[in-house]
Amino acid sequence: MEGNCFNQTVFLFTLLLAIAASSVRGHSTRVGFYSSTCPRAESIIKSTVESHFKLDPTIAPGLLRMHFHDCFVRGCDASILIDGPNAEKTAPASQFLKGYKVIDDAKFQLECECPGVVSCADILALAARDSVVLTKGTSWAVPTGRRDGTVSKASETDGNMPGFQDTVDVLKQKFAAKGLNTRDLVTLVGAHTIGTAACEVFSYRLYNFTSTGADPSINPAFVSHLQALCPQNRDGSRQISLDTGSADRFDTSFFANLREGKGILESDQRLWTDDLTKKFVQRFLEVRGSLGLSFNGEFGKSMVKMSNIEVKTGTMGEIRKVCSKVNEY
């Protein structure tokens, strides 16, 4: 989107409101943070995500993953959006992320509406929520008030980001380091109910995984299906649904696939082999009864916890004018 939307009167008015608001608010996020300084912020972000989603539905899982990646490295400060030769977005773990243009588009519109008020970190958190809703998931109230970081290092993704070959114990450790428990772990991995993974990410499980062939944790019939989709030594960039049979809908089908040995990522399937994580998978599949858990309900709760990891508020960080600003580091 192009054009000059600068209006000096509006700018001064909103700037004064922002300064006044920041002087009385505490150093934490809260629902409705922009209710007085930028009342239309959430609706602008929502409509932007919706318009991009209509053109390309794959931006929904893209934005959700991006928010996850952002929060696990330096906290939820939009450092994943920063450009630079050694920025987070250049790390191998970030190579398949998408949705950057959506955030830039929303930021442009917000700068027209209320310059210098809404952070890129909050745009990303709200866009992730809106993406879930667009894929038939349940909405939740997103606390806002984050500020943007100024540093982004690709090297910091190592050791912080959960990996697709991680054991459950390693996953638990990485989540615990961010203040998230095992229930949060299983719940947030459930985001894989939408989206895809490239063949090159998981095809090692299909060929020569053991001396006798494929990863034995994969349903044998499903191995043949995946081998047909990802032939050995062929195009590794082909995208395969992480939730077979329900890749575009935010539901519990992903967990049912784990139960049936149809997890695409090794780390996903391992949730069915660990006693504690398996218990939560089973509870999400328990539609009725005292042991059942609402996946959509729990997902909103865990997303709120995750979105508050190491946030910058108050006078920390900054409010970027452009979300993809050049890395200062």
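This report describes the aromatic pairs and the lysine–ring contacts of a predicted model.

## Basis

Residues are numbered from 1 along each chain as its sequence is written, and side-chain values use heavy atoms, with hydrogens and water left out. Because the model is predicted, local features need pLDDT of at least 70 and side-chain atom pairs count only at pLDDT 80 or more, while totals for chains, interfaces and linings use all residues.

## Aromatic pairs

Searching the whole structure gives 14 aromatic pairs, where rings of Phe, Tyr and Trp (its six-membered ring) pair if their centres lie within 6.5 Å, and planes under 30 degrees apart count as stacked, over 60 as edge-to-face and the rest as tilted. One of them is the tilted pair of Phe68 and Phe175, at 6.2 Å centre to centre with 50 degrees between the planes. Phe68 lies in helix α3 (residues 59-72) and Phe175 in helix α6 (residues 168-176), so the pair ties together parts that are 107 residues apart in sequence; helices are DSSP runs (H or I, at least four residues), numbered from the N terminus.

Phe68 is buried, with a relative accessible area of 17%, and Phe175 is buried at 2%, where buried means under 20% relative accessible area, exposed over 50% and partly exposed in between (1.4 Å probe, protein chains only). Tyr204 and Phe209 form a tilted pair, 6.2 Å centre to centre and 35 degrees between the planes; Tyr204 is partly exposed at 24%, as is Phe209 at 29%.

## Cluster and charges

Ring pairs link Trp140, Phe250, Phe254, Phe255, Phe284, Phe295 and Phe299 into a cluster.

Lys89 lies over the face of Tyr100, at 4.3 Å from the ring centre, and Lys278 lies over the face of Trp272, at 4.7 Å from the ring centre; the criterion is NZ of Lys or CZ of Arg within 6 Å of the ring centre and within 35 degrees of the ring normal.

Key: Helices (H or I, at least four residues) and strands (E, at least two) are DSSP runs, numbered from the N terminus.
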